[in-house]
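I opened a notebook for this chain and went through it one topic at a time. My entries follow.

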Amino acid sequence: MSPYEAGGKKELFQAVDSKIAALEQDSIDLLSRLIGFNTSDPPAANCEDAQFWLQRYLIEKMGANSTETFEDFPKDPHLVARFKSSANNGRSIIFNGHMDVAEVRPDEKWRYGPFTPILENGIFYGRGSTDMKGGMTAMLMAIRAVRESGIKLGGDVIFESVVGEEAGEAGTKTCIDRGYRGDFAVISEPTNFRIQGQGGVITCWLTVKSKTTFHDGNRRRMIHAGGGLYGASAIEKMAKLLASVQDLERHWAVMKSDPRMPPGSTTINPSFIHGGRHPAFIADECKLWLTVHLLPSETYSDVQKEIESCLLAACESDPWLKNNPVEFSWGGKSMFRGTGEIFPSAEIDDNADQTLVLKRAHESVFDRSEPVSIMPSVTDAGWFDEAGIPVAIYGPGDLAQAHTVDEFIRWKEITDASRIYAHLLIDWCGTE
(Lines give C-alpha, C1' and ligand atoms only; values in the text may rest on other atoms or scores of the structure.)
Protein backbone atom coordinates (compact mmCIF):
# COMPACT_ATOMS: atom_id res chain seq x y z
CA MET A 1 0.00 0.00 0.00
CA SER A 2 1.43 3.39 -0.99
CA PRO A 3 1.79 6.17 1.62
CA TYR A 4 -0.94 8.02 -0.27
CA GLU A 5 -3.42 5.17 0.01
CA ALA A 6 -2.52 4.75 3.67
CA GLY A 7 -3.09 8.45 4.28
CA GLY A 8 -6.48 8.42 2.57
CA LYS A 9 -5.33 10.74 -0.24
CA LYS A 10 -5.62 8.36 -3.19
CA GLU A 11 -9.04 9.62 -4.29
CA LEU A 12 -7.90 13.24 -4.03
CA PHE A 13 -4.90 12.54 -6.25
CA GLN A 14 -7.09 10.77 -8.78
CA ALA A 15 -9.43 13.77 -8.81
CA VAL A 16 -6.67 16.30 -9.53
CA ASP A 17 -5.07 13.99 -12.11
CA SER A 18 -8.39 13.86 -13.97
CA LYS A 19 -8.78 17.62 -13.75
CA ILE A 20 -5.25 18.21 -15.10
CA ALA A 21 -6.05 15.95 -18.06
CA ALA A 22 -9.26 17.88 -18.68
CA LEU A 23 -7.36 21.18 -18.51
CA GLU A 24 -4.68 20.16 -21.01
CA GLN A 25 -5.74 22.62 -23.70
CA ASP A 26 -5.91 25.40 -21.10
CA SER A 27 -2.38 24.47 -20.06
CA ILE A 28 -1.16 24.60 -23.67
CA ASP A 29 -2.85 27.96 -24.13
CA LEU A 30 -1.28 29.32 -20.94
CA LEU A 31 2.28 28.33 -21.84
CA SER A 32 1.76 29.63 -25.38
CA ARG A 33 0.62 32.98 -24.02
CA LEU A 34 3.52 33.26 -21.62
CA ILE A 35 6.12 32.40 -24.27
CA GLY A 36 4.50 34.89 -26.64
CA PHE A 37 5.65 37.74 -24.40
CA ASN A 38 9.21 38.81 -25.17
CA THR A 39 10.63 39.01 -21.64
CA SER A 40 14.29 38.50 -22.55
CA ASP A 41 16.88 39.73 -20.08
CA PRO A 42 18.90 41.53 -21.27
CA PRO A 43 17.59 43.97 -22.44
CA ALA A 44 15.09 43.78 -19.51
CA ALA A 45 12.44 46.47 -18.77
CA ASN A 46 9.97 44.37 -20.76
CA CYS A 47 8.02 42.16 -18.31
CA GLU A 48 5.22 44.61 -17.51
CA ASP A 49 2.71 43.33 -20.10
CA ALA A 50 3.34 39.69 -19.23
CA GLN A 51 3.00 40.22 -15.50
CA PHE A 52 -0.18 42.29 -15.75
CA TRP A 53 -1.71 39.70 -18.10
CA LEU A 54 -0.82 36.94 -15.64
CA GLN A 55 -2.24 38.98 -12.77
CA ARG A 56 -5.61 39.09 -14.55
CA TYR A 57 -5.37 35.35 -15.19
CA LEU A 58 -4.72 34.66 -11.51
CA ILE A 59 -7.77 36.70 -10.52
CA GLU A 60 -10.24 35.82 -13.27
CA LYS A 61 -9.30 32.20 -14.07
CA MET A 62 -7.93 31.02 -10.74
CA GLY A 63 -9.76 33.07 -8.13
CA ALA A 64 -6.72 34.31 -6.23
CA ASN A 65 -7.71 35.93 -2.94
CA SER A 66 -5.17 38.70 -3.41
CA THR A 67 -2.50 39.81 -5.87
CA GLU A 68 0.21 42.45 -5.68
CA THR A 69 2.81 43.87 -8.05
CA PHE A 70 5.90 45.86 -7.05
CA GLU A 71 9.17 46.82 -8.71
CA ASP A 72 12.89 46.76 -8.12
CA PHE A 73 13.45 48.28 -11.57
CA PRO A 74 11.01 50.21 -13.81
CA LYS A 75 8.78 48.20 -16.18
CA ASP A 76 9.77 44.91 -14.55
CA PRO A 77 7.22 44.32 -11.78
CA HIS A 78 7.22 41.25 -9.58
CA LEU A 79 3.86 39.53 -9.11
CA VAL A 80 2.61 37.66 -6.05
CA ALA A 81 -0.75 35.95 -5.62
CA ARG A 82 -2.14 34.38 -2.46
CA PHE A 83 -4.67 31.57 -2.30
CA LYS A 84 -5.88 31.60 1.29
CA SER A 85 -7.09 28.65 3.30
CA SER A 86 -10.30 29.36 5.20
CA ALA A 87 -9.38 26.80 7.87
CA ASN A 88 -5.67 27.61 8.08
CA ASN A 89 -5.04 24.34 9.90
CA GLY A 90 -2.20 23.16 7.66
CA ARG A 91 1.17 24.24 6.34
CA SER A 92 1.74 26.95 3.76
CA ILE A 93 3.78 26.68 0.58
CA ILE A 94 5.37 29.07 -1.91
CA PHE A 95 5.54 28.22 -5.60
CA ASN A 96 8.23 30.44 -7.17
CA GLY A 97 9.39 31.10 -10.74
CA HIS A 98 10.85 33.91 -12.83
CA MET A 99 9.14 35.57 -15.79
CA ASP A 100 12.30 36.85 -17.48
CA VAL A 101 14.08 34.59 -19.94
CA ALA A 102 17.57 34.44 -21.41
CA GLU A 103 18.57 36.95 -24.07
CA VAL A 104 17.96 36.35 -27.77
CA ARG A 105 20.40 37.83 -30.28
CA PRO A 106 19.39 38.96 -33.79
CA ASP A 107 21.85 36.63 -35.53
CA GLU A 108 20.47 33.46 -33.90
CA LYS A 109 18.74 31.08 -36.31
CA TRP A 110 15.57 29.80 -34.65
CA ARG A 111 13.45 27.13 -36.28
CA TYR A 112 10.15 28.82 -35.42
CA GLY A 113 11.16 32.07 -33.78
CA PRO A 114 11.93 32.43 -30.07
CA PHE A 115 8.57 33.96 -29.16
CA THR A 116 6.45 31.92 -31.56
CA PRO A 117 5.29 29.01 -29.37
CA ILE A 118 4.85 25.74 -31.26
CA LEU A 119 3.76 22.33 -29.95
CA GLU A 120 4.88 19.68 -32.44
CA ASN A 121 5.03 15.91 -31.93
CA GLY A 122 4.95 16.30 -28.17
CA ILE A 123 7.71 18.94 -28.12
CA PHE A 124 6.97 22.53 -27.09
CA TYR A 125 9.35 25.07 -28.66
CA GLY A 126 10.01 28.64 -27.56
CA ARG A 127 12.30 30.80 -25.45
CA GLY A 128 11.48 30.09 -21.82
CA SER A 129 9.76 26.76 -22.49
CA THR A 130 12.35 25.07 -20.27
CA ASP A 131 13.73 28.05 -18.35
CA MET A 132 11.25 28.48 -16.85
CA LYS A 133 7.79 29.33 -18.13
CA GLY A 134 7.13 25.60 -18.54
CA GLY A 135 7.66 25.03 -14.82
CA MET A 136 5.54 28.06 -13.93
CA THR A 137 2.73 26.76 -16.13
CA ALA A 138 2.84 23.41 -14.34
CA MET A 139 2.62 25.11 -10.95
CA LEU A 140 -0.31 27.29 -12.03
CA MET A 141 -2.21 24.34 -13.45
CA ALA A 142 -1.60 22.37 -10.27
CA ILE A 143 -3.13 25.14 -8.16
CA ARG A 144 -6.03 25.46 -10.58
CA ALA A 145 -6.65 21.69 -10.66
CA VAL A 146 -6.78 21.48 -6.87
CA ARG A 147 -9.21 24.37 -6.62
CA GLU A 148 -11.44 23.23 -9.50
CA SER A 149 -11.59 19.74 -8.01
CA GLY A 150 -13.27 21.29 -4.97
CA ILE A 151 -10.37 20.42 -2.65
CA LYS A 152 -9.96 22.93 0.17
CA LEU A 153 -6.37 23.06 1.38
CA GLY A 154 -5.45 23.48 5.03
CA GLY A 155 -2.68 25.99 4.34
CA ASP A 156 -2.13 29.05 2.17
CA VAL A 157 -0.55 28.80 -1.27
CA ILE A 158 1.57 31.72 -2.48
CA PHE A 159 2.51 31.96 -6.15
CA GLU A 160 5.42 34.24 -7.09
CA SER A 161 6.39 35.35 -10.59
CA VAL A 162 9.56 37.39 -10.10
CA VAL A 163 11.67 39.29 -12.62
CA GLY A 164 15.42 39.59 -13.05
CA GLU A 165 16.69 36.16 -12.06
CA GLU A 166 18.59 35.91 -15.36
CA ALA A 167 20.46 39.08 -14.37
CA GLY A 168 21.13 38.18 -10.74
CA GLU A 169 18.41 40.53 -9.49
CA ALA A 170 16.98 39.55 -6.15
CA GLY A 171 13.25 39.71 -6.86
CA THR A 172 12.64 36.73 -4.61
CA LYS A 173 14.43 38.49 -1.75
CA THR A 174 12.20 41.51 -2.36
CA CYS A 175 9.14 39.27 -1.98
CA ILE A 176 10.49 37.91 1.31
CA ASP A 177 11.29 41.40 2.55
CA ARG A 178 7.69 42.43 1.83
CA GLY A 179 6.48 39.69 4.16
CA TYR A 180 5.75 36.80 1.79
CA ARG A 181 6.88 33.78 3.76
CA GLY A 182 5.85 30.12 3.88
CA ASP A 183 6.64 26.84 5.57
CA PHE A 184 8.19 25.47 2.38
CA ALA A 185 9.20 26.92 -1.00
CA VAL A 186 9.58 25.12 -4.31
CA ILE A 187 11.27 26.69 -7.34
CA SER A 188 10.26 25.11 -10.66
CA GLU A 189 13.61 25.50 -12.42
CA PRO A 190 14.45 22.71 -14.91
CA THR A 191 16.01 19.89 -12.88
CA ASN A 192 14.78 16.89 -14.88
CA PHE A 193 12.60 16.09 -11.85
CA ARG A 194 15.60 15.93 -9.53
CA ILE A 195 15.18 17.36 -6.03
CA GLN A 196 18.05 19.79 -5.61
CA GLY A 197 19.76 22.37 -3.48
CA GLN A 198 22.55 24.58 -4.77
CA GLY A 199 25.90 26.12 -4.13
CA GLY A 200 26.12 29.90 -4.24
CA VAL A 201 27.66 32.56 -6.45
CA ILE A 202 28.83 36.05 -5.66
CA THR A 203 30.70 38.53 -7.82
CA CYS A 204 33.31 41.06 -6.74
CA TRP A 205 35.06 43.97 -8.38
CA LEU A 206 38.69 44.32 -7.27
CA THR A 207 40.10 47.79 -7.82
CA VAL A 208 43.74 48.82 -7.65
CA LYS A 209 44.11 52.58 -7.88
CA SER A 210 47.12 54.89 -7.67
CA LYS A 211 46.82 58.08 -5.64
CA THR A 212 48.83 59.88 -8.33
CA THR A 213 49.15 59.77 -12.12
CA PHE A 214 52.33 59.70 -14.20
CA HIS A 215 53.29 60.22 -17.84
CA ASP A 216 54.51 57.17 -19.71
CA GLY A 217 57.93 58.83 -19.96
CA ASN A 218 58.42 58.32 -16.21
CA ARG A 219 58.31 54.53 -16.34
CA ARG A 220 62.13 54.24 -16.40
CA ARG A 221 62.34 56.05 -13.07
CA MET A 222 59.85 53.57 -11.49
CA ILE A 223 61.55 50.34 -12.51
CA HIS A 224 65.30 50.97 -12.56
CA ALA A 225 67.77 51.36 -9.73
CA GLY A 226 68.16 54.89 -8.53
CA GLY A 227 65.08 56.17 -10.35
CA GLY A 228 63.72 57.52 -7.10
CA LEU A 229 60.07 57.75 -8.20
CA TYR A 230 57.56 55.97 -5.95
CA GLY A 231 54.90 54.71 -8.31
CA ALA A 232 53.60 51.63 -10.09
CA SER A 233 51.38 50.39 -12.86
CA ALA A 234 48.00 49.35 -11.48
CA ILE A 235 47.78 46.69 -14.20
CA GLU A 236 51.02 45.05 -13.09
CA LYS A 237 50.01 45.18 -9.45
CA MET A 238 46.65 43.60 -10.31
CA ALA A 239 48.59 40.76 -11.96
CA LYS A 240 50.22 40.02 -8.58
CA LEU A 241 46.79 39.90 -6.95
CA LEU A 242 45.47 37.65 -9.71
CA ALA A 243 48.24 35.19 -8.93
CA SER A 244 47.15 35.20 -5.28
CA VAL A 245 43.55 34.56 -6.34
CA GLN A 246 44.67 31.58 -8.40
CA ASP A 247 46.65 30.19 -5.46
CA LEU A 248 43.57 30.50 -3.24
CA GLU A 249 41.40 28.77 -5.85
CA ARG A 250 43.83 25.85 -5.98
CA HIS A 251 43.87 25.68 -2.18
CA TRP A 252 40.06 25.55 -2.11
CA ALA A 253 40.07 22.77 -4.71
CA VAL A 254 42.20 20.67 -2.35
CA MET A 255 40.56 21.62 0.96
CA LYS A 256 36.88 22.21 0.13
CA SER A 257 34.51 19.55 -1.13
CA ASP A 258 30.94 18.27 -1.12
CA PRO A 259 30.24 14.64 -2.07
CA ARG A 260 27.24 15.77 -4.13
CA MET A 261 29.34 18.11 -6.29
CA PRO A 262 32.24 17.57 -8.73
CA PRO A 263 35.71 18.18 -7.25
CA GLY A 264 36.97 21.72 -7.66
CA SER A 265 33.52 23.33 -7.76
CA THR A 266 34.66 26.24 -5.58
CA THR A 267 36.07 28.29 -8.43
CA ILE A 268 37.19 31.92 -8.53
CA ASN A 269 36.81 33.05 -12.13
CA PRO A 270 38.55 36.28 -13.27
CA SER A 271 35.76 37.08 -15.70
CA PHE A 272 36.52 40.64 -16.85
CA ILE A 273 39.43 43.07 -16.56
CA HIS A 274 39.84 46.73 -17.46
CA GLY A 275 42.71 49.07 -16.75
CA GLY A 276 44.64 52.14 -17.78
CA ARG A 277 43.73 55.31 -19.67
CA HIS A 278 45.76 55.42 -22.88
CA PRO A 279 49.38 54.77 -23.98
CA ALA A 280 50.70 58.11 -22.72
CA PHE A 281 49.85 57.24 -19.09
CA ILE A 282 51.19 54.79 -16.57
CA ALA A 283 48.05 52.81 -15.74
CA ASP A 284 46.71 54.44 -12.59
CA GLU A 285 43.70 52.13 -12.15
CA CYS A 286 42.80 48.54 -12.88
CA LYS A 287 39.55 46.67 -12.20
CA LEU A 288 39.11 42.90 -12.14
CA TRP A 289 35.70 41.20 -11.92
CA LEU A 290 35.61 37.89 -10.06
CA THR A 291 32.84 35.29 -10.12
CA VAL A 292 33.07 33.12 -7.02
CA HIS A 293 31.30 29.75 -6.50
CA LEU A 294 30.48 28.49 -3.00
CA LEU A 295 29.50 25.15 -1.52
CA PRO A 296 25.89 24.65 -0.32
CA SER A 297 27.14 24.74 3.28
CA GLU A 298 28.94 28.07 2.85
CA THR A 299 27.73 31.63 3.24
CA TYR A 300 28.87 34.32 0.85
CA SER A 301 29.88 36.55 3.78
CA ASP A 302 32.35 33.94 5.05
CA VAL A 303 33.79 33.48 1.56
CA GLN A 304 34.14 37.25 1.18
CA LYS A 305 36.25 37.32 4.33
CA GLU A 306 38.49 34.52 3.02
CA ILE A 307 39.20 36.32 -0.25
CA GLU A 308 39.72 39.70 1.39
CA SER A 309 42.10 38.22 3.96
CA CYS A 310 44.14 36.52 1.22
CA LEU A 311 44.44 39.61 -0.98
CA LEU A 312 45.09 42.07 1.83
CA ALA A 313 47.91 39.81 3.01
CA ALA A 314 49.32 39.95 -0.53
CA CYS A 315 49.12 43.74 -0.40
CA GLU A 316 51.02 43.80 2.90
CA SER A 317 53.89 41.93 1.25
CA ASP A 318 54.24 44.47 -1.58
CA PRO A 319 55.88 47.88 -0.88
CA TRP A 320 53.48 49.77 -3.18
CA LEU A 321 50.23 47.83 -2.58
CA LYS A 322 50.81 48.17 1.15
CA ASN A 323 50.08 51.88 0.78
CA ASN A 324 47.59 51.45 -2.09
CA PRO A 325 45.64 48.35 -1.04
CA VAL A 326 43.05 46.70 -3.24
CA GLU A 327 39.45 47.81 -2.81
CA PHE A 328 36.51 45.36 -2.85
CA SER A 329 33.00 45.87 -4.17
CA TRP A 330 30.91 42.76 -3.51
CA GLY A 331 27.70 41.68 -5.19
CA GLY A 332 25.17 44.11 -6.56
CA LYS A 333 21.49 44.36 -7.49
CA SER A 334 21.88 43.37 -11.14
CA MET A 335 24.57 41.79 -13.29
CA PHE A 336 23.64 44.01 -16.24
CA ARG A 337 22.08 47.10 -14.68
CA GLY A 338 24.25 47.29 -11.58
CA THR A 339 27.21 45.11 -12.56
CA GLY A 340 27.17 42.59 -9.77
CA GLU A 341 25.13 39.73 -8.37
CA ILE A 342 24.57 37.48 -5.37
CA PHE A 343 23.05 34.00 -5.35
CA PRO A 344 23.23 32.63 -1.79
CA SER A 345 23.72 28.91 -1.40
CA ALA A 346 20.80 26.63 -0.47
CA GLU A 347 21.50 23.51 1.56
CA ILE A 348 19.02 20.64 1.30
CA ASP A 349 18.42 17.85 3.81
CA ASP A 350 17.60 14.45 2.36
CA ASN A 351 15.59 13.49 5.44
CA ALA A 352 13.82 16.75 6.25
CA ASP A 353 10.02 16.55 6.39
CA GLN A 354 9.51 18.84 3.39
CA THR A 355 11.97 16.80 1.31
CA LEU A 356 10.24 13.56 2.20
CA VAL A 357 6.85 14.99 1.21
CA LEU A 358 8.24 16.15 -2.14
CA LYS A 359 9.81 12.73 -2.65
CA ARG A 360 6.41 11.12 -2.04
CA ALA A 361 4.79 13.40 -4.60
CA HIS A 362 7.50 12.46 -7.09
CA GLU A 363 7.01 8.75 -6.38
CA SER A 364 3.24 9.05 -6.79
CA VAL A 365 3.70 9.90 -10.47
CA PHE A 366 6.93 8.13 -11.43
CA ASP A 367 6.80 5.15 -9.06
CA ARG A 368 10.47 5.54 -8.22
CA SER A 369 12.45 7.34 -5.54
CA GLU A 370 14.53 10.46 -6.09
CA PRO A 371 17.54 11.24 -3.83
CA VAL A 372 18.51 14.85 -3.37
CA SER A 373 21.40 16.34 -5.30
CA ILE A 374 23.00 19.72 -5.98
CA MET A 375 22.17 21.81 -9.02
CA PRO A 376 25.19 22.69 -11.18
CA SER A 377 23.85 26.22 -11.65
CA VAL A 378 22.28 28.78 -9.32
CA THR A 379 18.72 30.00 -8.77
CA ASP A 380 16.76 32.16 -6.34
CA ALA A 381 16.60 29.25 -3.88
CA GLY A 382 19.34 30.74 -1.72
CA TRP A 383 17.22 33.74 -0.75
CA PHE A 384 14.69 31.39 0.86
CA ASP A 385 17.45 29.47 2.64
CA GLU A 386 18.99 32.69 3.92
CA ALA A 387 15.56 33.74 5.28
CA GLY A 388 15.15 30.43 7.11
CA ILE A 389 12.49 29.09 4.71
CA PRO A 390 13.09 25.45 3.65
CA VAL A 391 13.43 25.29 -0.12
CA ALA A 392 13.84 22.77 -2.92
CA ILE A 393 14.58 23.28 -6.60
CA TYR A 394 12.42 20.85 -8.56
CA GLY A 395 10.89 21.11 -11.98
CA PRO A 396 10.34 19.78 -15.48
CA GLY A 397 12.82 20.23 -18.31
CA ASP A 398 16.51 19.65 -18.85
CA LEU A 399 18.98 22.37 -17.82
CA ALA A 400 20.90 21.56 -21.01
CA GLN A 401 18.03 23.16 -22.96
CA ALA A 402 18.10 26.42 -20.99
CA HIS A 403 19.40 29.43 -22.95
CA THR A 404 19.75 27.42 -26.18
CA VAL A 405 18.60 28.26 -29.70
CA ASP A 406 15.38 26.30 -30.40
CA GLU A 407 14.83 25.86 -26.67
CA PHE A 408 12.16 23.22 -26.03
CA ILE A 409 10.47 21.08 -23.39
CA ARG A 410 8.63 17.78 -23.75
CA TRP A 411 4.94 18.38 -23.19
CA LYS A 412 4.50 15.25 -21.07
CA GLU A 413 6.92 16.77 -18.58
CA ILE A 414 4.55 19.69 -18.07
CA THR A 415 1.59 17.39 -17.34
CA ASP A 416 3.71 15.16 -15.07
CA ALA A 417 4.95 18.21 -13.17
CA SER A 418 1.41 19.54 -12.81
CA ARG A 419 0.34 16.27 -11.21
CA ILE A 420 3.35 16.18 -8.88
CA TYR A 421 2.83 19.77 -7.75
CA ALA A 422 -0.88 19.12 -7.18
CA HIS A 423 -0.11 16.03 -5.08
CA LEU A 424 2.47 18.05 -3.16
CA LEU A 425 -0.11 20.75 -2.38
CA ILE A 426 -2.53 18.20 -0.96
CA ASP A 427 0.06 16.27 1.03
CA TRP A 428 2.00 19.26 2.36
CA CYS A 429 -0.80 21.74 3.04
CA GLY A 430 -3.32 19.13 4.12
CA THR A 431 -7.07 19.59 3.65
CA GLU A 432 -9.78 21.22 5.71
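I first settled what a paired strand is: two strands pair if DSSP finds at least two bridges between them. Helices (H or I, at least four residues) and strands (E, at least two) are DSSP runs, numbered from the N terminus. The model is predicted, so I noted that local features need pLDDT of at least 70 and side-chain atom pairs count only at pLDDT 80 or more, while totals for chains, interfaces and linings use all residues. Residues are numbered from 1 along each chain as its sequence is written, and side-chain values use heavy atoms, with hydrogens and water left out.

**Entry: a sheet of three strands**

I looked up the open sheet with the order β6-β7-β18 and found antiparallel pairing. β6 (118-120) and β18 (408-410) are its edge strands; each has a single partner strand, so one side of each is left without a neighbour in the sheet. I read an average twist of 20 degrees from one strand to the next; angles run from 0 to 180 degrees between N-to-C directions, and axes are lines fitted to C-alpha atoms, for helices over the stretch in contact.

Three bridges join β7 (residues 123-125) to β18 in the antiparallel sense. F408 in β18 is the bridge partner of Y125.

Next I asked which strands helix α12 touches. Helix α12 (residues 411-429) packs on the sheet against β6, β7 and β18, and its direction makes about 60 degrees with that of β18. Contact here means heavy atoms within 4.5 Å.

**Entry: two helices**

I then followed α12 to helix α2 (residues 10-22). The two pack at an angle of about 145 degrees, with their axes 10 Å apart. From α2 the contact takes L12, F13, V16, D17 and I20, and from α12 it takes T415, S418, R419, A422, H423 and I426. I sorted these residues into six nonpolar, three polar and two charged. In this sorting Ala, Val, Leu, Ile, Met, Phe, Trp, Tyr, Cys and Pro count as nonpolar, Asp, Glu, Lys and Arg as charged, and the others, Gly among them, as polar.

I needed two terms. On a 1 Å grid over the protein atoms alone, a cavity is a set of points where a 1.4 Å probe fits but cannot get out, and a pocket is an open set with protein on both sides within 12 Å along at least five of seven lines; lining residues have an atom within 4 Å of a point. Grid points are joined across faces, edges and corners, and a volume is the space filled by probe spheres set on the points.

The count gave one cavity of 30 Å³ or more. The largest cavity has a volume of about 40 Å³, and its lining is I20, L23, E24, S27, M141, W411, T415 and S418. α12 gives the largest share of this lining, three residues.

The largest pocket holds about 420 Å³ of space. Its lining has 24 residues, of which E165, E166, S377, V378 and H403 are the closest to its centre.

**Entry: a hairpin and some backbone**

I found β2 (residues 66-71) and β3 (residues 77-83) running antiparallel, joined by six bridges. T69 stands opposite L79. The hairpin has five residues between its strands, and K75 in the turn has a positive phi of about 65 degrees.

I also noted a cis peptide bond from D41 to P42, with omega near 0 degrees. P42 lies in the loop between β1 (40-41) and α4 (48-60).
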